[in-house]
Amino acid sequence: MFDLDGTLVQTRGASWDVFRQISDEFGLGLTGPQEYFDLFRGNIFASLDALCDGHADSEQVKQAFLERLRAEYNPAMVPGMVDVIRRLAGHCTLAVVSSNAMEVLRRVLVDNGVAYCFAHVFGGDAVPDKTAAFRSFLADAASQYGRRCEVSYDETPGATRPDLSTTVLVTDTAGDVGDALAAGIRAVGVAWGMHTADELTAAGAEFVAIWPQELPGYLLSGTVPEPTGACALPPPSGTIASPPAAARAAGPPPARARAAVSATAKAPGSCGAEPGACGCGCSADDASPPVTPVAARQAAAAAARRGRRQQAAQALGRRPVADRSPPSAVPVPSSGRSAAASELRDAVARILTPVPGQ
């Protein structure tokens, strides 16, 4: 379970910029970001009640703060956290528990392409008390069903309630650590948010990550393979996807991917479905596991893209895609072509341009 602000996204500047306006508007007297960060040593909404006492109506302050967050707050992801999320989503059920508004959570997770890595999201406008959110999650046996970076839920595990010993909150604030421990779950801190590593450790965090890349290894107790299937990271913008991706989709997954086992998975071959049907591979005894649904969809999509490129090239009088000749060697359409056709030609030319080293 992840906190959002300061854990998944960079919030020290962005969040204070929003709350400074609230402080000035209601005369709360905060003069700097550290005073604001101190509010998160406990539950933020309880801290606002205490801060507003004798100054302003706390409910009005809370609503104004949430409304301004909905309208203005759109922080950047912490560098490296998208990769961490995708690596963990293939092995764990992921959730977000935040004091922020649900509209903000949706905007951040959707815009960064990780919305379907999370199975559950608890926003502060729906469940202000994080301890209550933890207990709600733990009470529902269906909470264990995760998402593997796809719209559908992975329902292959049996219906058992989440285990306290394997439910972990990852957060940047001492208050969240205390709430997690009060609910009986574990707490791991991150050192790049509102509170320091020493403060998080003093609050009871069992481990504090200095870099995002430490989290998968610690939480899963071992080496975590590169994410595959729907959780695989997209190629850098402006590059052509390397051919080996389609080749891997058509054949058995690499040995290290077959060997990867979920932290809560059953024994090989006992996932409750036909081999390969749930995307988790087969038993260790199978030398050539069947293609998973995710891999099959990837292969079909790659074939469709190749077909469209071939048709576009032929329609413009270009050489087939397989030729891969430089654009300068291809005849230029006549001057009678429309501007739209010229733009299309240029776009196809960029697609067909060979990429050095690929």
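## Second largest pocket

Helix α6 gives the largest share of the lining of the second largest pocket, namely five residues. The structure described here is a predicted model. The volume of the second largest pocket is about 230 Å³. Its lining has 13 residues, and those nearest the centre are Arg106, Leu109, Ala115, Val121 and Arg147.

Two elements, α6 and β2, each contribute at least two residues to the lining of this pocket. Sorted by class, the lining of the second largest pocket holds 10 nonpolar residues, one polar residue and two charged residues.

## Cavities

How many cavities of 30 Å³ or more are there? The count comes to two. The largest cavity has a volume of about 230 Å³. It is lined by 22 residues, and Asp5, Phe40, Ile44, Ser99 and Asn100 lie nearest its centre. Helices α3 (44-52), α4 and α8 (174-182) are the elements that give two or more residues to this lining.

Which element supplies the largest share of the lining of the largest cavity? That share, three residues, comes from α4. By class, the lining of the largest cavity consists of nine nonpolar, seven polar and six charged residues.

## The parallel sheet

Three strands form an open sheet in the order β3-β4-β5, and their pairing is parallel. Strands β3 (168-171) and β5 (207-209) are at the edges with a single partner strand each, so one side of each has no neighbour in the sheet. From one strand to the next, the twist averages 25°.

β3 and β4 run parallel and are joined by four bridges. In this pairing Leu169 stands opposite Ala187 in β4. Strand β4, residues 186-190, also pairs with β5 in the parallel sense, over three bridges. Here Val190 stands opposite Ala209 in β5.

Is β4 mostly covered or mostly uncovered? Four of the five residues of β4 are buried, and the strand is thus mostly covered. In a regular strand, side chains alternate between the two faces of the sheet.

## Aromatic pairs

The model contains three aromatic pairs. One of them joins Phe2 and Phe118: the ring centres are 6.4 Å apart and the planes stand at 90°, so this pair is edge-to-face. The pair links distant parts of the chain, with Phe2 in the segment before α1 (12-26) and Phe118 in the loop between α6 (102-111) and β2 (120-122), 116 residues apart. Phe2 has a relative accessible area of 2%, so it is buried. Phe118 also counts as buried, because its relative accessibility of 2% is under the 20% cut-off.

Phe19 and Phe65 form another edge-to-face pair, at 5.0 Å centre to centre and with 80° between the planes. Because Phe19 lies in helix α1 and Phe65 in helix α4 (residues 58-72), the pair ties together parts that are 46 residues apart in sequence. Both Phe19 and Phe65 are buried.

## Cys149

Most residues other than glycine have a negative phi. Cys149 is not a glycine, yet it has a positive phi of about 65°. Where is Cys149 placed? It is in the loop between α7 (130-139) and β3. The relative accessible area of Cys149 is 12%, so the residue is buried.

## Gln34

Gln34 is found in helix α2, which spans residues 33-38.

Methods: Residues are numbered from 1 along each chain as its sequence is written. This is a predicted model: local features need pLDDT of at least 70, side-chain atom pairs count only at pLDDT 80 or more; totals for chains, interfaces and linings use all residues. Side-chain values use heavy atoms; hydrogens and water are left out. Two strands pair if DSSP finds at least two bridges between them. Axes are lines fitted to C-alpha atoms, for helices over the stretch in contact, and angles run from 0 to 180 degrees between N-to-C directions. Rings of Phe, Tyr and Trp (its six-membered ring) pair if their centres lie within 6.5 Å; planes under 30 degrees apart count as stacked, over 60 as edge-to-face and the rest as tilted. Buried means under 20% relative accessible area, exposed over 50%, partly exposed in between (1.4 Å probe, protein chains only). On a 1 Å grid over the protein atoms alone, a cavity is a set of points where a 1.4 Å probe fits but cannot get out, and a pocket is an open set with protein on both sides within 12 Å along at least five of seven lines; lining residues have an atom within 4 Å of a point. Grid points are joined across faces, edges and corners, and a volume is the space filled by probe spheres set on the points. Ala, Val, Leu, Ile, Met, Phe, Trp, Tyr, Cys and Pro count as nonpolar, Asp, Glu, Lys and Arg as charged, and the others, Gly among them, as polar.
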